[in-house]
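Subject: Structure handover

Hello,

Here is the structure for your files. My notes on salt bridges and one surface patch follow below.

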Amino acid sequence: MHGSPQRLGDAFRVAPGTSVRLATMDPGATLGFDKDAARDRTAADLDRLEVLQETVWAEHRHRILIVLQGIDTAGKDGAIRHLMRAFNAMGVRAVPFGVPVGPELAHDFLWRVHAQVPGDGEIVIFNRSHYEGVLAERIGELVPEATWARRYDAINAFERLLAVEGTTIIKLFLHISPAEQLERLRARLADPAKRWKFRRSDLRDRERWDVAIAAFDDALTRCSTAEAPWYVIPSDHKWFRNLAVGTIVADAIEALQPAFPEPEGLPADLPLS
Ligand code: ADP
């Protein structure tokens, strides 16, 4: 047996106050699962997610925000593709955050992010997020330390606001090893369908690994809170990443106990018999 779904998420949740050191966490972990054992569970979680999303949308009460972070090739796109197999386009959006442009540059780092958070009944998946304000901008020295250093408190306050106003926040850090990343970058360059995705900036975190790892550790340590926990997902194995992502998201939504609403204004003498 592989334990209850709840326990799988518990294994990866960063308890508030814990000092995260990614270097000590195994990106190849599979918690005793093998690919075959994972298959059924992954499919069952997709089935759960399908019903849950339909219910959340129908009820129009909960707001669900899923935040994906990870170095290039960590599998953010793959995780989104996986979740989207369960979700209906109605009520779900995936939002990518790239290098800020135009009016985004003329505002604070949370401005463009706040504009994209989920409304009632919506599930929104962030492909990168406000965390780039303490990751890309810190690692690439795009802003001075005084600027990024004060952003952790701003992020926690922002997420607390969202949470108290009814948003469930699930933050997933896809953790891969530098060796696995090298493989994936090579594979990307060798594949005509993926080659176009390669950018010079994909190498940024590799080239500044010590700086990058310190930035990841700080973000995960300082911004995992009770209302918006971080999960560090071992992601060297794509099948295990999908299993963990599906289970954690399904459990978090299920805990809200969404329910289909009654129709409004149903007359007592409905002439349908
Ligand atoms: P992805 O790599 O996510 O598939 P892109 O190739 O478009 O998509 O890369 C997006 C890039 O934008 C990443 O290098 C990321 O670090 C960068 N980025 C995102 N947010 C910011 C930010 N606030 N400041 C600087 N760079 C950012």
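**Salt bridges and a surface patch**

E59 and R61 form a salt bridge, with their closest N and O atoms 3.6 Å apart. The model is a predicted one. E59 counts as buried at 18% relative accessibility, because the cut-off for buried is under 20%. R61, at 52%, is exposed.

R138 forms a salt bridge with D218, and the closest N and O atoms there are 2.8 Å apart. This pair links distant parts of the chain: R138 sits in helix 5 (residues 136–139) and D218 in helix 10 (residues 209–222), 80 residues apart. R138 is buried, with 11% relative accessibility, whereas D218 is partly exposed, with a relative accessible area of 28%.

Salt bridges with shared partners also join R41, D45, R48, D251 and E254 into one network. D45 is buried, at 4% relative accessibility. The count of salt bridges in the model comes to 22.

On the surface, L266, L270 and L272 form a nonpolar patch, with about 320 Å² of accessible area together. L266 is found in the segment after helix 11 (238–254), and its relative accessible area of 53% makes L266 exposed.

Regards

Conventions:
Residues numbered from 1 in each chain as written. Predicted model: local features only at pLDDT ≥ 70, side-chain atom pairs only at ≥ 80, totals over all residues. Heavy atoms only, no water. Patch = residues over 30% accessible without salt bridge, like charges linked within 9 Å, V, L, I, M, F, W, Y side chains within 5 Å. Areas by Shrake-Rupley, 256 points an atom, 1.4 Å probe, with all protein chains shown as cover. Salt bridge = Lys/Arg side-chain N within 4 Å of Asp/Glu carboxyl O. Helix = DSSP H or I, 4+ residues; strand = E, 2+ residues; numbered from the N terminus. Buried < 20%, exposed > 50% of the residue type's maximum accessible area, 1.4 Å probe, protein only.
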